[in-house]
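Here is a short tour for someone new to this structure. Please look over the sequence and the model before reading on.

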Amino acid sequence: MIRKVSLKLFIDVDTKMLITSSSLQIAKVKGKETKKEELLCTSEERTEFCQARGDIRVHGKSSTVSIVSSKTTMLEKTMSRSLKPYARRGDVDAMNRVREWSVKAVNASQKAPQCTQSHNITAVLFSTGGYSGNHFHEFTDIVIPLFLTARQFNGEVQFIITDKRPWWISKHKPLLKKLSNYETMDIDGDDQVHCFPSVTVGLKRYQKELSIDPQKYSYSMKDFRDLLRSSYALKRVEAMKIRDGLRGKPRLMILSRKRSRSFTNTDEIAKMAASLGFDVIVKEAGWSMWGFANVVNSCDVLLGVHGAGLTNILFLPENAVFIQVVPYGGFTLDWLATNDFGKPSKDMNLKYLEYKIGLKESTLIQQYPLDHIFIKDPPLVEKIGWEEFKSVYLDKQNVKLDVDRFRPTLQKALELLHQ
């Protein structure tokens, strides 16, 4: 018998990620089956996850994943890892809402938990805590990372959910059913010991928001959007391409919001857009993902103020035009708009336009005098603290578009639909 025991700790110079690997491999002898126990834990900028295989035992009540070995190995002596399986590493507020799990190697002769339920497929354990409830974070922190982690198994994977939110499962059920052939497992209060041949604790994630690097992963944002189309039975693949003599108007959705960052003159905007030749609809995102996804998919142009609702650009057809209205707030809001939605939209093969409002288009001037720090110096407010900045520029601000100033942006959208 050939036995190989190894422990590795190294940094990938391209991804700058810390990888810890410890494994026991036993080779084949005269045709007999081999046993391989392995634990690979990866830390990256936005996530950390552990992949284990062998005799894996998951106990929800103690939040423990054990790799059981019949022999004393270096794996057992050196490997124990605690992590929170939510892909927004470094965000203290988010991670405070996520349960911590222990991944460790144990010897079978010691106090290894005994299997009460055995499964012959791999498992992926992840949290629906963190910022779930925010549409943007649900996709960038959970749904897209889950796609990256689980798509390779072609449905033969068991999802184990910690910090389970039943409404989250219901909301994303069409997509979950495409990724897994099995009902999700609520693990936190479970005193059973579930045994698997392999498990991933935590989710893979690209560091940029709403994005996938096809050079790093086997998939791209096109693959993810194709899965969305399949999950929600979206009919349109391509946006309308306007040609001379072609009948029909391009459809424009104005994404409304009931709370902050809403348009205060939606009717005026819709009237102006209609005068340019758009078929205009006004909608607010709701909890029915299926219905709203199909409405978005029917549109050629989506217009909205920066906020989580813009995540619905994921459902737009290819080559549609996305117009993001950036509220008053200086560099910080410009940066958020660009990195949360501007750059990601281009990877989705959408045509992106950005409209930055002027001070006169912000309702903040009705709340504060012109010499107030909130009006004069947004960067200084951001230095005071994110919560202070957010409470003013994101939570208290609405937008009254200057339709004459905004008209050229809609005209540009029409031009892009001609291309």
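In which strand is the place of Val305? Val305 lies in strand S15 (residues 301–305). Helices (H or I, at least four residues) and strands (E, at least two) are DSSP runs, numbered from the N terminus.

This is a predicted model, in which local features need pLDDT of at least 70, side-chain atom pairs count only at pLDDT 80 or more, and totals for chains, interfaces and linings use all residues. Residues are numbered from 1 along each chain as its sequence is written, and side-chain values use heavy atoms, with hydrogens and water left out.

**Overview**

The protein chain has 13 helices and 17 strands. Of its 419 residues, 54% are buried. Buried means under 20% relative accessible area, exposed means over 50%, and partly exposed is in between (1.4 Å probe, protein chains only). Contact means heavy atoms within 4.5 Å. Among contacts in the protein chain with a separation of 6 or more, 72% are between residues 24 or more positions apart.

Val305 counts as buried because its relative accessibility is 4%. Setting aside neighbours within four places in sequence, Val305 is in contact with Arg261, Phe263, Leu310, Val325, Pro327 and Val399.

Pro85 sits in a loop. That loop runs between strand S6 (80–83) and helix H2 (92–95). Pro85 is buried, at 0% relative accessible area. Thr47 is 38 residues away along the chain, with 8.2 Å between the C-alpha atoms of Pro85 and Thr47. Beyond neighbours within four places in sequence, the contacts of Pro85 include Val98, Trp101, Leu125, Phe126 and Val201.

**Disulfides**

A disulfide is a covalent bond between the sulfur atoms of two cysteines. Here the criterion is a pair of cysteine sulfur atoms within 2.5 Å. A search of the whole structure finds two. The table lists them.

| Pair | S to S distance | Torsion about S-S | Handedness |
|---|---|---|---|
| Cys41 and Cys50 | 2.0 Å | 110° | right-handed |
| Cys115 and Cys195 | 1.8 Å | about -100° | left-handed |

With the bonded cysteines numbered in sequence order, the pairing is 1-2, 3-4.

How buried are the partners? Cys41 is buried, at 0% relative accessible area. Cys50 is buried too, at 2%. In the other pair, Cys115 counts as partly exposed, at 33% relative accessibility. Cys195 counts as buried, at 5%.

Now follow the second link along the chain. The sulfur atoms of Cys115 and Cys195 are 1.8 Å apart. This pair links distant parts of the chain, 80 residues apart. Cys115 is in the loop between strand S7 (101–107) and strand S8 (117–118), while Cys195 is in strand S12 (residues 193–201).

Another cysteine, Cys299, is buried, with a relative accessible area of 1%.

**Helix packing**

Two packed helices are described by the angle between their axes and the distance between the axes. Axes are lines fitted to C-alpha atoms, for helices over the stretch in contact, and angles run from 0 to 180 degrees between N-to-C directions. Angles under 35 degrees count as roughly parallel, over 145 as roughly antiparallel, 65 to 115 as roughly perpendicular and the rest as oblique.

Take helix H9 (residues 331–347) and helix H12 (residues 386–394). Their axes come within 11 Å and cross at roughly 80°. H9 is therefore roughly perpendicular to H12. Thr332, Leu333 and Leu336 of H9 make the contact with Trp386, Phe389, Tyr393 and Leu394 of H12. These residues divide into six nonpolar, one polar and no charged. Ala, Val, Leu, Ile, Met, Phe, Trp, Tyr, Cys and Pro count as nonpolar, Asp, Glu, Lys and Arg as charged, and the others, Gly among them, as polar.

Next come helix H7 (residues 266–275) and helix H13 (residues 403–418), whose axes come within 11 Å and cross at roughly 45°. H7 and H13 are therefore oblique to each other. In H7, Glu268, Ile269, Met272, Ala273 and Ser275 meet Val403, Phe406, Arg407 and Leu410 of H13. By class, this contact has six nonpolar, one polar and two charged residues.

**Helix H6**

Buried residues of helix H6 (residues 221–231) include Met221, Phe224, Leu227 and Leu228. Arg225 and Arg229 of H6 are buried as well. Their cover includes helix H3 (135–150), helix H5 (173–179), helix H8 (289–297) and H9. Just after H6, Ala233 takes a positive phi of about 50°.
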